[in-house]
Amino acid sequence: STIVLLEPNARLSIPYSFGTQQSREVYLSGKAFFDVAHRLNQPFYIYANEVVTRVLGTSFQIFADPTNGKVDVKVRSGKVQVFERNANFSNKAINGVVLTANHQVTYEPQEKALKVSLVEKPLPVEELIDSSVKSQVSPILFSYERALLGIVIKDLEKKYGVNIEVEHPDILHCSFSGDISNGNLFEQLNIICIATNASYHVNGVTILISGTGCK
């Protein structure tokens with residue numbers, strides 16, 4: 001039940017023993033999007049250049065550049081573990097990282113380093129809510145009238161699955177009014193920062209809002 005969408009010139013190699021062992025293993029060259037079926041006792045491994053991605057059930061994109069050995073992994077939903085495989089091509093984790101929705105990691109073969117950051121365009125995280133209580137959950141509308149900035153920030157964190165921190169606690173007490181429902185995450189942050197005389201920057205997978213608060 002796993003789905004793999006291959007980009008032009010990508011190649012996916014699947015061993016004859018696939019699905020019959022304790023783990024599911026494939027080999028990728030090029031770019032592909034994976035939607036992996038969840039099997040708790042049979043993790044899925046993708047070998048891409050010198051990087052291994054381990055997942056139980058989630059959706060993500062991998063680009064294994066065959067020309068320079070660089071690898072990018074971008075998570076759409078769920079959670080994956082990414083690590084550098086050793087010279088014997090085993091599953092031993094070396095310098096591993098864990099990624100969740102809207103996180104990405106880039107492996108630089110020259111530096112032998114995994115660099116974690118947010119994806120260029122974070123997308124709303126699909127909330128897995130039981131159908132029996134789904135009708136009781138209010139959607140996030142992103143339309144505010146004199147709302148505390150702390151509430152707006154919590155809505156953004158919930159919608160995109162990201163971590164947002166503030167440099168000064170007083171920022172959380174700023175009042176914000178406006179409709180930011182039509183923008184993406186960074187467009188929404190730009191509007192919020194202009195309205196509250198603040199600024200933001202991305203540090204790894206954390207967004208930091210800087211400012212001294214409102215007067």
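Q: What phi does Lys112 take in the hairpin of β10 and β11?
A: First, the labels: helices (H or I, at least four residues) and strands (E, at least two) are DSSP runs, numbered from the N terminus. The hairpin of β10 and β11 has 4 residues between its strands, and Lys112 there takes a positive phi near 50 degrees. Bear in mind that this is a predicted model, where local features need pLDDT of at least 70, side-chain atom pairs count only at pLDDT 80 or more, and totals for chains, interfaces and linings use all residues. Residues are numbered from 1 along each chain as its sequence is written, and side-chain values use heavy atoms, with hydrogens and water left out.

Q: Which strands pair with β10?
A: Two strands pair if DSSP finds at least two bridges between them. Strand β11 (residues 113-118) runs antiparallel to β10, joined by 6 bridges, and His103 has Leu118 in β11 as its bridge partner. Strand β7 (residues 71-77) also pairs with β10 in the antiparallel sense, over 4 bridges. There, Val73 is opposite Val105 in β10.

Q: Is β10 buried or exposed?
A: Buried means under 20% relative accessible area, exposed over 50%, and partly exposed in between (1.4 Å probe, protein chains only). For β10 (residues 103-108), 6 of its 6 residues are buried.

Q: Why does Glu84 count as buried, and Lys115 as partly exposed?
A: Just compare each value with the cut-offs. Glu84 counts as buried because its relative accessibility is 11%. Lys115 counts as partly exposed because its value is 40%.

Q: Which strands join β5?
A: Strand β4 (residues 44-48) runs antiparallel to β5, with 5 bridges, and Tyr47 is opposite Val52 in β5. β8 is antiparallel to β5 too, joined by 5 bridges, and Val51 is opposite Glu84 in β8. In the hairpin of β4 and β5, with 2 residues between the strands, Asn49 has a positive phi near 55 degrees.

Q: Why is β5 largely enclosed by the rest of the structure?
A: Because 4 of its 5 residues are buried. Contact means heavy atoms within 4.5 Å. Leaving out residues up to four places away in sequence, Thr53 touches several residues, among them Phe44, Phe60, Val73 and Val82.

Q: Which residues of α2 are buried?
A: They are Leu149, Gly150, Val152, Ile153, Asp155, Leu156 and Tyr160. These pack against β12 (143-148), β13 (163-166), β14 (175-179), α3 (185-196) and β16 (206-210). After α2 comes Gly161, with a positive phi near 65 degrees.
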